Amino acid sequence: MRNVVIMGSGCAGNTAAIYSARANLKPLVISGHEAGGQLSLTSLVENFPGFPEGIHGPELVENMKRQAENFGAEYMHGAVIEADLSKRPFRLNVEGEWIETRTLIVASGASARWLGLENEQKLIGHGVSSCATCDGFFYRGKKIMVIGGGDSAMEEANFLTRFGQEVTVVHRREEFRASKIMMDRARHNPKIKFLTSTVVDDVFDASKHLVTGVRLRNVKTGELWEQDVDGFFVAIGHIPNTKVFRGQIETDDEGYILSKGGARTSVPGVFHAGDVQDRVYRQAITASAAGCMAAIEVERYLEAEGH
Ligand code: NAP
């Protein structure tokens, strides 16, 4: 029986692990499908306080993990595929192995959202990607397309100009959601072109197991045209990883956990941390702070129960 299991190993999960390990709770962290969370897929992080020159995302998250391990946190590979939160102890199925715990911190984050086109799905890993840092390298001298109008799309587009001969950003509206600084950087990058009020109708060519081009549509005029593309990067936001708790923890319509104050969820003894609950700030530093809050709440909760 565990005192606390932490689901997720991004900034939120790792910070919860540091705090709960230092409180002698011997936390077990279940790494999840995307170990290290979103930071492990980014390049330079320039806004995490304490690093005046910036720090690479994977290094930052690995440092957090090592820090937690130094205080006795344990890490387990794998993802929770089933959960029973109907009674205590809570039970979690981690790829076939059932784990029991007095408390749970859900720090499972949010995963990349896709357009949902049939051929897009078929070509993931064959030219379709959601991670420029992971896959940009493969498109040296090639034609790259980035979908989205937020900070992620601008960041990915800028990063991809290191490799591609040109990067086209395709956005469904005229106005961009991205912050001014990210937008300015992209606009001043001579390798980046913008196609606004434009959506992707199809991605080719699934029969060749390779991205060769796309069919685009102007949403204002209805005009359709095809464009050659080698790398297709989707950066249109994320979906919270709460599927295993459906019907057990209260969420909003999109699946984000509804907070019941502090780090509390609708289930006493289950706490939230990071992007799985936060659709507003979604930063490394706010996720870490949320992990800290959840760990402190767990500590107090267990103490009140006499553990
Ligand atoms: P986001 O801000 O939610 O932007 C998603 C973009 O994708 C929007 O432009 C949206 O269009 C578009 N989109 C969504 N669904 C679509 C669909 N089905 N088809 C076509 N387009 C679609 O997500 P994000 O860019 O991933 O950013 C998430 C958070 O992380 C933000 O708070 C952001 O500031 C932060 N972030 C910060 C940095 C940084 O500071 N270095 C880097 C990356 C992310 P609409 O605008 O029309 O809705």
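This is a predicted model: local features need pLDDT of at least 70, side-chain atom pairs count only at pLDDT 80 or more; totals for chains, interfaces and linings use all residues.
Close-up 1. Asp151 brings a polar side-chain atom to 2.6 Å from a ligand oxygen. For Arg173, an N or O atom of the side chain is 2.7 Å from an oxygen atom of the ligand. The protein buries 78% of the 920 Å² that the ligand exposes when taken alone (Shrake-Rupley method, 1.4 Å probe).

**Close-up 2. The shell around the ligand.** The shell holds 19 residues (a heavy atom within 4 Å of the ligand). Asp151, Ser152, Arg172, Arg173 and Arg177 come nearest. Helix α5, residues 151-160, gives the largest share, three residues (helices are DSSP runs of H or I, at least four residues; strands are runs of E, at least two; both are numbered from the N terminus). By class, the shell has four nonpolar, nine polar and six charged residues (Ala, Val, Leu, Ile, Met, Phe, Trp, Tyr, Cys and Pro count as nonpolar; Asp, Glu, Lys and Arg as charged; the others, Gly among them, as polar).

**Close-up 3. The second largest pocket.** Its volume is about 220 Å³ (the space filled by probe spheres set on the grid points, which are joined across faces, edges and corners). A pocket is an open set of points on a 1 Å grid over the protein atoms alone, where a 1.4 Å probe fits, with protein on both sides within 12 Å along at least five of seven lines; lining residues have an atom within 4 Å of a point. The lining counts 16 residues, and Gly274, Gln277, Asp278, Tyr281 and Ala290 lie nearest the centre. Helix α7, residues 284-304, supplies the largest share, five residues. Eight lining residues are nonpolar, five polar and three charged.

**Close-up 4. Arg88 and Glu305.** These residues form a salt bridge, with the closest N and O atoms 2.8 Å apart (a side-chain nitrogen of Lys or Arg within 4 Å of a carboxyl oxygen of Asp or Glu). Arg88 lies in the loop between β6 (80-84) and β7 (90-94) and Glu305 in the segment after α7, so the pair ties together parts 217 residues apart in sequence. The whole structure has 18 salt bridges. The peptide bond from Arg88 to Pro89 is cis, omega near -5°.

**Close-up 5. The loop between β14 and β15.** Asp205 is found in this loop, between β14 (198-204) and β15 (213-218). A cis peptide bond, omega about 10°, joins Phe204 and Asp205. His209 is in the loop too, with a positive phi of about 55°. Most residues other than glycine have a negative phi, and most peptide bonds are trans.

**Notes.** Residues are numbered from 1 along each chain as its sequence is written, and side-chain values use heavy atoms, leaving out hydrogens and water. Local features need pLDDT of at least 70 and side-chain atom pairs 80 or more, while totals for chains, interfaces and linings use all residues.

Key. A polar contact is a pair of N or O atoms within 3.5 Å; within protein, one must be able to donate a hydrogen and the other to accept it, and residues adjacent in sequence count only if both atoms are side-chain atoms.
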